[in-house]
Amino acid sequence: MLFEVWAPFAREGVALWLSGERLPMTRVTGRPDWWGVAAPAGDGDRYGFALDDGPVLPDPRSRRQPDGPDGPSAVVLPDTHHWLHPWAGRGLPGAVLYELHVGTWTEEGTLDAAAEHLGDLARLGVTHVELMPVCPFPGRHGWGYDGVAPWAVHEPYGGPAALRRFTDTAHGLGLGVVLDVVHNHLGPSGNHPPSFGPYLTEAHRTPWGAAINLDGPGSDEVRAYLLESAVAWLRDFRLDGLRLDAVHALADDRALTFLEELSAAVDALAAELGRPLFLVAEEDRCDPRTTTPRRSGGLGLHAQWNDDFHHGLHTVLTGESDGYYADFAQAPLEALAKSLTRGFFHDGGHSSFRGRAHGRPVDVTTTPAHRFVGYAQNHDQIGNRALGDRLSGTLSPGRLACAAALVLTGPFTPMLFMGEEWGARTPWRYFTDHTDPALAAAVREGRRREFAAFVPPGTEIPDPQSPRTRAVSCLDRSERLREPHARLLEWHRTLIALRRELPDLADPDLGAVRVTHATDGAARWLVLRRGEVRTAVNPGPEPADIPLGAAAGYRVAAAWGLVEPPGADGTLRLPGESCAVLVEG
């Protein structure tokens with residue numbers, strides 16, 4: 001077996017330590033700063049590299065870290081998994097995504113335990129499971145965004161073999177699998193690649209410190225490190241897509257950006273494998289160039305999360321106006337309507353939250369609606385609240401139904417966060433398991449300071465390091481058997497089925513979307529029109545008379561509560577905190 005490592009920081013030499021034996025490595029011809037040696041090895045054999053007779057460090061490209069990020073790497077032989085289910089792939093158009101955290105989806109917190117419940121998602125009707133990051137991080141439990149080995153799978157989740165089994169099971173049920181990956185930083189603990197070479201650069205600073213080196217000396221190899229990792233997830237684990245964390249935090253001044261290279265590599269792999277693959281960005285600049293095709297001067301990613309839609313919907317439902325909600329709270333219905341019809345609310349106008357202009361207009365005539373991912377909740381918007389409270393913690397079932405109706409019949413690719421479909425009451429909190437006491441204390445105190453001004457005096461901010469913080473975040477599936485959870489679950493199934501059945505709900509033409517809404521101060525209704533389909537929501541407490549417009553007639557395709565079709569004048573009487581999906585004709 002050939003062992004190789006890029007180690008430009010080695011001054012005198014590099015040695016491979018394999019199962020306790022030291023083997024000197026030699027420079028690889030034609031590959032500057034690469035070192036290699038051939039040695040017999042079996043699956044699971046421990047190994048690492050020592051630079052200049054220094055400590056033995058894990059392989060930056062390790063496929064498995066069975067003893068955690070600071071332990072030795074383990075040999076993973078070429079794919080020995082016997083794939084049970086042929087898979088032609090499942091693309092993004094028409095998708096319904098479901099965001100899932102392995103460590104709290106079940107109390108066991110493993111991929112194998114998670115796979116046992118995938119049948120529930122197939123029956124719900126979603127098309128793809130989106131896993132939050134699975135790369136190794138210190139300790140057992142965490143969100144995964146402080147991973148340090150972007151080629152490996154967290155061992156407490158089950159390691160690489162378990163991810164293959166999970167994917168195989170999902171594909172057997174017709175579900176695609178998307179993985180959240182982090183390219184904008186390496187975690188603060190167990191971070192060994194910078195000992196080998198310039199993986200980080202002080203030329204740019206990020207919220208996590210020194211930036212990943214995408215444009216400085218040595219950045220060709222750092223880019224290759226991340227690009228090849230991304231390709232490996234899609235090829236070797238048969239994943240269907242990647243969600244890219246906070247791409248706005250990628251510091252990259254090169255003419256050909258890393259994201260363009262990545263999108264080109266993924267498109268090439270899709271052509272090679274003969275199945276659709278896609279990239280979804282988290283991007284907070286409201287820049288449509290993120291998903292504009294490369295041939296048209298864009299980055300060529302396939303979709304991006306749409307926080308503007310979330311913020312507009314959230315303010316309509318909750319009335320919150322703090323922080324970034326302030327921009328939307330000035331006229332919530334108008335903000336939501338603009339997001340639904342124009343893609344972004346922030347399209348170059350002034351943002352009071354930022355104190356400057358923000359965003360760029362979307363060309364709705366050329367941008368398919370599925371390039372935006374729409375959601376009422378996600379891991380950030382729940383877990384980054386002081387108490388990790390979901391919408392179900394404060395909103396009535398009727399308002400939750402309104403949120404589901406706009407997400408699941410709206411123009412964007414819908415995404416649910418785990419448990420949302422039955423209105424789970426369990427919180428989803430920020431939790432960590434740092435093994436470094438100083439880092440653990442810093443995270444704990446930082447969390448308390450961050451939210452001190454956002455909670456009533458005397459409110460205790462959950463300790464991220466406490467095992468209880470993770471434990472209370474695990475889903476309680478018994479809720480699904482009780483009301484109102486069972487009714488909400490059936491409502492989500494109904495809406496997802498309608499999305500498949502009604503052709504207008506699959507129309508990618510964002511320019512054809514129309515929205516009307518209440519304009520007086522008391523009423524809070526809104527109607528979304530997509531072709532012959534009307535989604536009417538009334539999150540306010542009082543009944544509303546809603547003008548749908550003259551038509552040959554309407555039938556109620558689905559409703560939360562008892563809703564009669566509109567009369568001859570096209571006026572719909574909609575009870576408070578209720579909604580309905582109607583079809584002309």
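Helix H5 (219–236) gives the most residues to the lining of the largest cavity, namely three. Helices here are DSSP runs of H or I with at least four residues, strands are runs of E with at least two, and both are numbered from the N terminus. The model before you is predicted: local features need pLDDT of at least 70, side-chain atom pairs count only at pLDDT 80 or more, and totals for chains, interfaces and linings use all residues. Residues are numbered from 1 along each chain as its sequence is written, and side-chain values use heavy atoms, with hydrogens and water left out.

What volume does the largest cavity have? It is about 120 Å³. On a 1 Å grid over the protein atoms alone, a cavity is a set of points where a 1.4 Å probe fits but cannot get out; a pocket is an open set with protein on both sides within 12 Å along at least five of seven lines; and lining residues have an atom within 4 Å of a point. Points are joined across faces, edges and corners, and a volume is the space filled by probe spheres set on them. Of the 17 residues lining the largest cavity, Cys135, Gly147, Pro150, Val181 and Val182 are the closest to its centre. Strand E11 (176–181) and H5 are the elements giving two or more residues to this lining.

Let us turn to the second largest pocket. Its space is about 570 Å³, and among its 24 lining residues Met1, Asp59, Arg61, Arg63 and Trp151 are the closest to the centre. H5 again gives the most, with four residues. Strand E1 (2–6) and helix H4 (159–172) also supply at least two each.

The largest nonpolar core has 155 residues, with Leu121, Leu131 and Trp233 making the most contacts inside it. A nonpolar core is a set of buried Ala, Val, Leu, Ile, Met, Phe, Trp, Tyr and Cys residues joined through side-chain atoms within 4.5 Å; buried means under 20% relative accessible area, with a 1.4 Å probe and protein chains only. A second, separate core of eleven residues includes Leu97, Phe278, Val280 and Val373.

Finally, helix H9 covers residues 332–342, and its buried residues include Leu333, Leu336 and Leu340. The buried residues of H9 pack, with contact meaning heavy atoms within 4.5 Å, against elements including helix H7 (307–318) and helix H11 (397–409). Just after H9, glycine 343 takes a positive phi of about 90°.

Key: Buried means under 20% relative accessible area, exposed over 50%, partly exposed in between (1.4 Å probe, protein chains only).
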